[in-house]
Amino acid sequence: MNHKYLYLLLLFLIVSCQRNVETGPPVLKEMCQRLFPRHAQSFLFELLTDSIDTDRFILESSQGKIRIKGNNRNSLAAGLNHYLKNYCHTHVSWYASETVEMPDVLPEIPQPVYIRSKCDNRFFLNYCTFGYTMPYWKWQDWERLIDWMALNGVTMPLAITGQESIWYKVWTDMGLSDEQVRSYFTGPAHLPWHRMSNVDFWQSPLPQSWLKDQEELQKRILEREREFDMTPVLPAFAGHVPAELKTIYPNAKIYQMSQWGGFDEKYRSHFIDPMDSLYSIIQRRFLEEQTKVYGTDHIYGIDPFNEVDSPDWSEDFLANVSSKIYESIHQVDSAAQWLQMTWMFFYDKKKWTQPRIRSFLKAVPDNKLILLDYYCDHTEIWRNTEKYYGNPYIWCYLGNFGGNTMIAGNLNDIDFKIKRLFKEGGDNVYGLGATLEGFDVNPLMYEFVFDQAWDYPVTTDQWITNWSMCRGGNQDANIIKAWRALHQKIYTEHATCGQSVLMNARPRLTGTKSWNTNPGIHYANNDLWQIWKELLKARNINNSDFRFDVINIGRQVLGNLFSEYRDQFTACYNRKDTTGMREWSTRMDNLLLDVDRLLSCDATLSIGKWLQDARNCGATVSEKDYYEENARCILTVWGQQDTQLNDYANRGWGGLTRSFYRERWKRFTDGVIAAVSEDKPFDEDKFHQDITQFEYNWTLQKDSFPIVSEEDPIQIADSLILKYDTYFTKAQ
């Protein structure tokens with residue numbers, strides 16, 4: 001080769017390598033451009049090339065820029081987030097609508113910072129999140145969430161979008177008709193429970209356009225997650241089949257599963273015995289088709305018997321089930337690993353005895369079954385199962401059910417449990433995770449958990465101070481003081497199922513009608529009131545996180561106050577004091593309206609956005625109406641009229657509070673006052689029947705709601721402080 005050309009080639013390679021070092025992986029630069037374009041060119045990313053396997057990142061200032069080094073793209077993103085939170089005091093929300101507030105001048109890093117991970121596997125999401133938060137999301141929503149996951153070091157996101165298009169191909173190829181398959185699926189928001197073998201047919205048939213659109217969305221999701229060096233967890237066949245499959249394969253061993261959620265028999269799911277030869281055939285068809293369309297990362301989520309009974313509880317049967325499930329994926333993918341949530345061990349602990357759990361787990365080869373310890377904020381299964389009998393497991397923080405809007409969580413307890421995990425959990429601790437059912441609730445708890453995956457020791461007091469600075473506390477000390485009080489007085493108990501304020505519950509004179517709405521609190525509401533007042537002393541804070549906190553604390557403290565108002569109303573009822581009843585009824589109604597007005601100031605806390613997102617999924621008016629009914633249903637009645645899941649997913653949201661919760665309470669107080677005025681006892685059973693019909697009718701309505709109010713939440717909150725402070729002062 002001519003020496004001149006050789007020289008030019010070497011020069012080109014050197015310049016190219018230098019450019020790669022300076023600019024780093026494009027996915028990191030593109031994320032910076034999305035989140036803070038003004039400073040995007042101020043960050044340099046460099047992939048480390050040494051032989052150390054542990055995830056790690058290095059931060060340093062370099063010639064007026066911030067240089068971030070990491071062993072992979074995920075570590076680079078985590079390093080960027082460490083700089084944003086700890087130096088810029090900048091928080092990146094998981095919502096695309098939230099702006100990222102950056103300082104005018106980027107702070108320098110005085111000395112290089114080197115941080116290693118304590119665990120290289122960080123799991124995120126829950127089947128339910130795809131129903132309670134993300135069913136109608138578009139790419140821009142997913143793009144921000146994937147950015148958030150990368151920044152928080154998530155390496156194993158659950159990736160179950162778009163699987164229905166794969167199943168549609170499998171089932172139609174096996175002889176089922178288009179109508180049979182699309183009717184077997186449920187409406188979009190209910191698909192997680194269809195995927196978990198809990199319910200079939202509800203609010204079907206699923207439109208063909210949905211299958212196509214979700215397949216394209218899933219391709220984009222997976223491409224971006226893989227660009228960040230994540231390992232998406234795709235689904236595999238768990239045994240759930242259409243009932244009509246029995247007509248094509250009459251000799252197949254197919255069971256009808258146990259009743260779930262109060263749904264009628266026609267909605268019950270069916271399960272094919274993994275020992276039946278047809279099981280492996282279906283598994284192969286699904287995995288081969290899925291891999292052709294989406295690729296594979298060799299880890300598959302499979303969850304048989306979630307909240308439904310096994311057809312046979314013998315230890316031999318359970319061992320055969322898990323053994324055959326693993327064999328079926330291994331035959332298709334020799335590198336396959338199975339990921340299984342262990343919620344069922346907690347949910348049905350009486351049936352899932354230790355011998356049964358052991359038989360189920362030990363039948364799978366070592367290190368091929370990874371277990372999600374799903375609800376460690378309440379119960380750590382690893383401590384009751386001899387560390388899952390040697391199987392790798394991921395410690396997970398659940399934190400909320402149904403997206404119920406209740407301030408809850410315990411930083412100190414989570415800090416203690418995670419430290420104990422790394423000390424006592426054994427060599428088979430596989431990582432940390434978060435398995436939240438819905439967003440917009442207590443985001444600090446999830447970011448705290450993922451921070452614990454890195455060897456950067458801070459106390460919970462230090463962590464909450466830094467969190468508060470990211471939410472405007474770097475500009476106002478009142479915000480720091482308020483968050484410290486929240487940490488010390490409010491965030492002291494883990495979340496439980498059904499937590500929500502009384503105004504979201506079906507009305508009663510005392511208590512609540514259902515386990516799905518538990519308004520009990522473990523702190524003095526006046527403490528939270530004083531914290532809200534402290535937070536509102538901050539002024540001129542242009543920070544979307546600060547505004548969210550003002551609204552979030554407001555909906556909680558005023559929601560708690562509603563319980564006291566209801567009790568005053570009931571006391572008047574017991575005295576047959578109609579004048580007092582009318583007074584407290586008016587106060588209850590005004591309180592509901594005030595809370596709704598506050599909530600309507602944030603699009604992420606608005607039913608208007610939820611319904612608009614749902615309608616935007618439709619290509620025709622009938623499809624738009626179909627998606628809206630599905631969206632209204634999941635948040636309120638959930639399923640059939642008056643099932644045991646009514647109100648399970650209740651939210652403190654603008655528009656929903658005014659049109660649904662307020663209307664229930666207004667009908668209730670009017671009915672009680674009318675009964676007392678006529679000297680009759682109030683018939684709660686009759687009211688229950690009437691309100692059930694109202695709830696169902698509400699899901700069929702098509703009235704529109706604004707996506708967000710133009711009012712200022714800070715001004716509204718200030719006015720509410722003036723309005724209700726007298727009550728709290730008297731209560732003291």
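Buried area is the accessible area that two parts lose on being put together, summed over both. The views below show a predicted model.

**View 1. The chain is divided into three stretches.** Domain 1 covers 24-114, domain 2 covers 119-456 and domain 3 covers 478-728. The C-alpha centres of domain 2 and domain 3 lie 32 Å apart.

View 2. An unreviewed UniProt entry places "Alpha-N-acetylglucosaminidase tim-barrel" at residues 122-455. That span is 42% helix and 12% strand. Its end C-alpha atoms are 14 Å apart. The unreviewed entry also places "Alpha-N-acetylglucosaminidase C-terminal" at residues 463-722.

**View 3. Domain 2 meets domain 3.** On each side, 52 residues are in contact with the other domain. About 4200 Å² is buried between domain 2 and domain 3. Carbon and sulfur atoms give 56% of that area. Y136, M406 and I407 supply 20% of what domain 2 buries against domain 3, more than any other three residues.

**View 4. Polar links cross the interface.** The rule finds one salt bridge between domain 2 and domain 3. The side chains of R555 and D440 form a salt bridge, with N to O at 2.9 Å. Polar contacts join 28 residue pairs across the interface.

**View 5. The side of domain 2 that touches domain 3.** Helices α4 (129-132), α9 (208-227), α16 (411-424) and α17 (443-451) each supply at least two residues to this side. Strand β15 (409-410) does too. The residues here divide into 23 nonpolar, 22 polar and seven charged.

Conventions
Residues numbered from 1 in each chain as written. Predicted model: local features only at pLDDT ≥ 70, side-chain atom pairs only at ≥ 80, totals over all residues. Heavy atoms only, no water. UniProt positions renumbered as here; feature names shortened; annotations may be inferred. Helix = DSSP H or I, 4+ residues; strand = E, 2+ residues; numbered from the N terminus. Domains from an automatic or database assignment. Contact = heavy atoms within 4.5 Å. Buried area = accessible area lost by both parts, 1.4 Å probe. Salt bridge = Lys/Arg side-chain N within 4 Å of Asp/Glu carboxyl O. Polar contact = N/O pair within 3.5 Å; in protein donor to acceptor, adjacent residues only side chain to side chain. Nonpolar A, V, L, I, M, F, W, Y, C, P; charged D, E, K, R; others polar.
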